[in-house]
Amino acid sequence: MMKSLLLSLLLACVLFMNSISEVQGKKWKGEGTTPNLESIVLGRCYEYIRIVNPAVGEKNCSELWEAFKSAFISKDPCSILPEDYERFISLSLHTIPPNKSLFWENNQLLVNSFADRGRRYMSLADTLTGFFADFLNWCGQANSAGLDYESCPTMEECENNAVDSFWRMASVTYAQHSSGVIHVLLNGSAAGGAYPEPGYFADYEIPNLQKDKISQIVIWVVDNIEGPDLESCGKNTVKKLEDRLKDLGFDVACADNYKSVMLLLCLDYPDDAQCTLSSSAPAAQRGPISSDRGSSWNKLMFVSFVGFLFRFALVF
């Protein structure tokens with residue numbers, strides 16, 4: 001009887017220890033923290049304030065890292081709220097020039113190229129806040145001061161994860177500080193719609209736009225060079241967006257396949273029919289030398305030869 005009881009207790013202890021081990025070693029579906037995260041973000045911070053946008057003035061990059069890390073370190077990776085990043089956002093905040101804001105959906109790489117690190121426009125990724133974390137991944141572990149480099153939770157696993165909560169807070173702040181004419185670049189070839197709902201623009205940026213600071217919202221709907229053409233101004237989800245913004249009292253304009261963006265896309269598809277450039281230059285300027293130009297050349301040669309003969313005569 002005693003032996004059987006001891007065996008039962010031993011089995012219970014083994015099962016309990018196994019359950020603890022499974023919890024501690026739980027693997028999420030998402031990628032783990034980007035290796036060398038601290039070195040990367042500190043380098044980005046100094047690059048931004050020294051090279052990309054020195055106009056923001058001095059920022060304490062070490063303090064920014066500590067504020068960023070404190071938002072999620074030693075916490076349940078599924079219990080990180082946007083408000084946890086408030087201190088980091090406050091420390092990294094700077095002015096967004098009027099008429100420079102560029103919102104987007106479904107075309108991150110294109111937006112990064114078009115904005116050109118704030119030279120043309122200042123998308124969220126071109127602010128210090130966004131530049132600090134763009135394309136990185138991170139999460140901590142409950143009751144541990146370390147980062148989880150093995151895996152991090154995805155949005156499907158839990159909404160309040162470290163990365164998505166960060167971008168929600170960053171998006172809200174970016175919208176609140178945008179002013180003048182603002183632009184929205186949408187992908188007209190996106191299978192899920194140019195204006196997705198739910199989405200960062202729909203859920204976090206539009207509700208935080210400050211109507212008294214915005215003179216106009218310009219929407220650009222740009223198709224991929226190789227298509228398909230699924231959305232355009234006044235149709236489908238784009239019309240839904242236009243109607244929503246107008247109902248909120250904004251002055252809205254929309255353009256399909258904005259030329260400047262299309263030219264940028266054509267860098268990768270120079271032979272596509274949409275990327276063929278017609279020239280208005282006269283044919284004579286592209287072809288052989290005209291008779292008039294030939295006549296001028298002959299006159300020049302004649303004058304030069306006469307000059308040579310004159311100098312030769314003076315010598316002898």
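Asn143 counts as exposed because its relative accessibility is 78%. Here exposed means over 50% relative accessible area, buried means under 20%, and partly exposed lies in between (1.4 Å probe, protein chains only). Asn143 lies in the loop between β3 and β4. Its phi is near 60 degrees, a positive value in a residue other than glycine.

The model is predicted: local features need pLDDT of at least 70, side-chain atom pairs count only at pLDDT 80 or more, and totals for chains, interfaces and linings use all residues. Residues are numbered from 1 along each chain as its sequence is written, and side-chain values use heavy atoms, with hydrogens and water left out.

**Around the β3–β4 loop**

Ala142 lies in the loop between β3 (140-141) and β4. Helices (H or I, at least four residues) and strands (E, at least two) are DSSP runs, numbered from the N terminus. Ala142 counts as partly exposed because its relative accessibility is 43%. What does Ala142 contact, leaving aside its neighbours within four places in sequence? The partners are Ser74, Lys75, Asp76 and Pro77. Contact means heavy atoms within 4.5 Å. Phe72 is 70 residues away from Ala142 along the chain, yet their C-alpha atoms are separated by 9.2 Å.

**Other backbone features**

Asn106 also has a positive phi, near 65 degrees. This residue sits in the loop between β2 and α5. Asn106 counts as partly exposed because its relative accessibility is 38%.

One runs from Glu197 to Pro198, with omega near 0 degrees. Pro198 is in the loop between β6 (180-187) and α8. The other joins Gly227 and Pro228, with omega about 0 degrees. Pro228 is in the loop between β7 (214-222) and α9 (236-247).

**The whole chain**

The protein chain has 12 helices and eight strands. Of its 316 residues, 41% count as buried. Take the contacts with a separation of 6 or more: residues 24 or more positions apart account for 75% of them.

How confident is the predictor? The score is pLDDT, its confidence in each residue, from 0 to 100. The chain averages 86, and 79% of the residues score at least 70. Over residues 13-23, pLDDT stays under 50, and the model has zero contacts there beyond four places in sequence. Where pLDDT is low, the predicted coordinates should not be read in detail.

**The inside**

In soluble globular proteins, nonpolar side chains tend to be buried together. A nonpolar core is a set of buried Ala, Val, Leu, Ile, Met, Phe, Trp, Tyr and Cys residues joined through side-chain atoms within 4.5 Å. The largest core has 58 residues, and Phe68, Phe72, Tyr85, Trp138, Phe166 and Ile217 touch the most other members. Helix α7 gives the most to this core, with eight residues. A second, separate core has 16 residues, including Phe114, Tyr121, Val218 and Met262.

Trp138 touches residues beyond four places in sequence, among them Thr33, Leu37, Ala133, Cys152 and Trp167. In helix α2 (residues 37-52), Leu37 is buried, and so are Val41, Leu42, Cys45, Tyr48, Ile49 and Val52. Their cover includes α3 (61-70), α6 (128-133) and β4 (144-147).

**Pocket and cavity**

On a 1 Å grid over the protein atoms alone, a cavity is a set of points where a 1.4 Å probe fits but cannot get out; a pocket is an open set with protein on both sides within 12 Å along at least five of seven lines, and lining residues have an atom within 4 Å of a point. Grid points are joined across faces, edges and corners, and a volume is the space filled by probe spheres set on the points.

| Space | Volume | Most lining from |
|---|---|---|
| Largest pocket | about 670 Å³ | α7, six residues |
| Largest cavity | about 100 Å³ | α7, three residues |

Among the 34 residues lining the largest pocket, Trp104, Gln108, Val163, Trp167 and Tyr200 are the closest to its centre. The pocket lining has 20 nonpolar, eight polar and six charged residues. Ala, Val, Leu, Ile, Met, Phe, Trp, Tyr, Cys and Pro count as nonpolar, Asp, Glu, Lys and Arg as charged, and the others, Gly among them, as polar. The lining of the largest cavity has six nonpolar, six polar and no charged residues.

Technical notes
pLDDT is the predictor's confidence in each residue, from 0 to 100.
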